[in-house]
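Please read it alongside the sequence and the coordinates.

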Amino acid sequence: MLSFLSARENGTHRPSALSRAEATRRIFSLELSKDRDVQRIHDSGVNTLDIDPVEGRYLLSGGTEGVIVICDLECRPQENYTCPSVCTIGRSSRHVHKYSVDTVQWYSHDTGLFTSSSMDKTLKVWDTNALKPADVFRFETIVYDHNMSSVATKHCLIAVGTIHSQVVLCDLKSGSSTHVLRGHKASVLSVKWSPRDEFLLASGSRDSKIMLWDVRRAKSCLSILDQHNGEKGKGSTEAVNTAHNGHVNGLSFTSDGLYLVSFGTDDRLRLWDTMSGKNTLVNYGKVDNVSRKGSKFTVSYGGSPDVAFVPMGSNIAVFDIYTGEYVATLIGHYNNVNCCTFHPLYQELYSAGNDSNILIWEPELGQKTDVAEKKDNKQSSSTVGNAVQDTWSDED
Amino acid sequence: MKRSKRIVPDVFKKKRKVVVSAGLQSDWGCDQDSILSNLALPNDTKVALDYVKSLLHVEVFEFRIPTIIFKHQIYSIVHNKTTVDRQLEELKEKKVIKMFKLGIAVDEFCIVFTDDYKQHVKRQEPDNKTIDKFLDTVVDRCPDVSLTKSTMINEFCFTDEEITHLVSAGLLTVRDVGSWWLAIPGAGIFMKTFVKGRQSLLRTIRKCKYQEILQKNLEEKKLAAVKKLGMNFHILDIIGAELVKKIQTTSGCLLRLNE
């Protein structure tokens, strides 16, 4: 690292080279945090997590009982720190969701607003300070997933995936659903906006297809992603033009928006090139998929190469995105892991599952905190003493 | 001390790659270009294919089958699956190997060297004009796993009669109305022995305490169903198909059954 620091000083390397190298090293050494954890408020499983994109300070979590909790992640440098919960929308609140909350998301520009969608067929837009819903969108069927674009300046659309095969676009400004994207033939399990293009939307459904939409066009569907890239020979005839050989469970764009990672119930991860819509044919091997609803996996940010953190039963499997190599398994949960989210600034992973725990995975680089050493100072100074000093007792 | 041995990519470029200049090799008195021509060096997948081929002894089947290698066996030798896939595609384009779809699972493929395949087909049915025509046109020119009726009739000029003849000879298997998989004639006996051997091996591991066994103990066991194809062949198969997990321990390599 010192060579990189001096190279940055004299201009041989770009400043981003050092930050990328160190971020990659940290991402590849994630371990369960020994000092920090998150206060346990949920009584039942946690379905979804989101970290606010503005400061990276607040963690929003939604549980299977409809409870929504906000925790403050700001770390105090002391041993055994528990991130406290700032506020909770519990079972006693008047506006709480009736059934399980499947997706929560912070508003991308400030923490005054967040959205949550639930099995009680509603999508609620909450005012964080008042903890009351500013708006409620009601649907005819269970809402599986919703997503708001993080780079949008020209629209405030929330894409919603329900049991209905149509993707509904709800507008925050007008308070009603503006239009509907038709194309899928079964429930839509996962929707994601591209972080690169504010009008590009990807949706994955139970009919094994992933569709890319441009919401500006009348016939919005840009393309249906095909796992065989047009070659009919490889699979059976039913598998033609499908993205997976099972339901498409999870979608995640890489941070630059150039690639889309998809997870399916056929136990496969696929990497798609967003610009051409082709399957890059990276082979990740068999990745056990236990979830029959959406699986909220995540892709790291700031490293090269980036890795995907995929919940596999009670563990989280880490794969290098571009080569498909298996990096590690993060073992720590007692029950199925439902969601993971990556903290972009500190290269930490937050994961939660049916055991109601939110675990923090931090980079383990072999560095000890200074606080611990100060406490043992008296004992250590005698052992780590003067090099010339001998250890013979003075009494003899 | 880190308990888990994870391979972190060399981000700070601590290890310098050794670059050997071409000039150094010339004092051996040979032509520089011939030694260092990359085309002559086989890639990892090709070496793996040759190794697996050496494990299988076709004499056991009285030469009724060519040497069949499964794609997932290569995954257990070369660890990066994407590299294996890419190199297999390259070899397919160069017509060195041919890939066939075997089994019910969607992505189970087997690989046969093109020369072996041609030899085997000629041995099965010598002096048959349709088959020779098939070998010269389709096998040589088309790297696909399956064929449709339109391709057969238009591109390769086969008549319906000839197609029926090929199906009865076992070179084509019906997939759908108007499309066929390419197949290996007489591969039935291979598949039967292979499936039996695989089941027997998995049953042995399942019977062990904790459903795991050291690889050297497994190799010492004498199983009748495994004898024909060889223990090494089957072990590569179950590791590659992810039915079993390979764990390095201080007593050697451990194979644990995946649930």
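Helices (H or I, at least four residues) and strands (E, at least two) are DSSP runs, numbered from the N terminus. This is a predicted model, in which local features need pLDDT of at least 70 and side-chain atom pairs count only at pLDDT 80 or more, while totals for chains, interfaces and linings use all residues. Residues are numbered from 1 along each chain as its sequence is written, chains are lettered from A and ligands numbered from 1 in the order in which they are written, and side-chain values use heavy atoms, with hydrogens and water left out.

1. Backbone of chain A. The peptide bond that joins S304(A) to P305(A) is cis, with omega near 10 degrees. P305(A) sits in the loop between strand 23 (298–299) and strand 24 (307–312) of chain A. Most residues other than glycine have a negative phi, and most peptide bonds are trans. L281(A), although not a glycine, has a positive phi of about 60 degrees; this residue belongs to the loop between strand 22 (269–273) and strand 23 of chain A. S356(A) is not a glycine either, and has a positive phi of about 60 degrees; its place is the loop between strand 28 (348–353) and strand 29 (358–363) of chain A.

2. Buried means under 20% relative accessible area, exposed over 50%, and partly exposed in between (1.4 Å probe, protein chains only). L281(A) is partly exposed, at 48%, whereas S356(A) is buried, at 6%.

3. Chain B contains twelve helices and nine strands. Of its 259 residues, 44% count as buried. A contact here means heavy atoms within 4.5 Å. Among contacts in chain B between residues at least 6 apart in sequence, 61% join residues at least 24 apart.

4. The nonpolar core. A nonpolar core is a set of buried Ala, Val, Leu, Ile, Met, Phe, Trp, Tyr and Cys residues joined through side-chain atoms within 4.5 Å. The largest one has 54 residues, and F134(B) and F190(B) have the most contacts inside it. Beyond its neighbours within four places in sequence, F134(B) is in contact with V139(B), L147(B), F158(B), L166(B), L171(B), L172(B) and L182(B). In soluble globular proteins, nonpolar side chains tend to be buried together.

5. Two further sites in chain B. H234(B) lies in helix 12 (residues 231–240) of chain B and is buried, with a relative accessible area of 1%. Leaving out residues up to four places away in sequence, H234(B) touches F194(B), G197(B), R198(B), L201(B), V226(B) and L229(B). L214(B) is in strand 7 (residues 212–214) of chain B. The C-alpha atoms of L214(B) and L255(B) are separated by 6.0 Å, although the two are 41 residues apart along the chain.

6. The interface. The contact between the chains takes 27 residues from chain B and 32 residues from chain A. Buried area is the accessible area (1.4 Å probe) that two parts lose on being put together, summed over both. Between chain B and chain A the area is about 2,300 Å², of which carbon and sulfur atoms give 53%. On the chain B side, R6(B), V11(B) and F12(B) lose the most area to chain A, together 30% of what that side buries.

7. Salt bridges. A salt bridge is a side-chain nitrogen of Lys or Arg within 4 Å of a carboxyl oxygen of Asp or Glu. The whole structure has 17 salt bridges over all chains, but the count between chain B and chain A is zero. In chain A, R36(A), E348(A) and E362(A) are linked in a network of salt bridges.

8. Helix 2 of chain B. D50(B) and K46(B) meet in a salt bridge (3.5 Å, N to O); both lie in helix 2 (residues 44–55) of chain B, four residues apart, about one turn of the helix. D116(B) forms a salt bridge with K53(B), the closest N and O atoms being 3.0 Å apart. D116(B) lies in helix 5 (residues 114–124) of chain B and K53(B) in helix 2 of chain B, so this pair ties together parts that are 63 residues apart in sequence. D116(B) counts as buried, at 15% relative accessibility, whereas K53(B) is partly exposed, at 28%.
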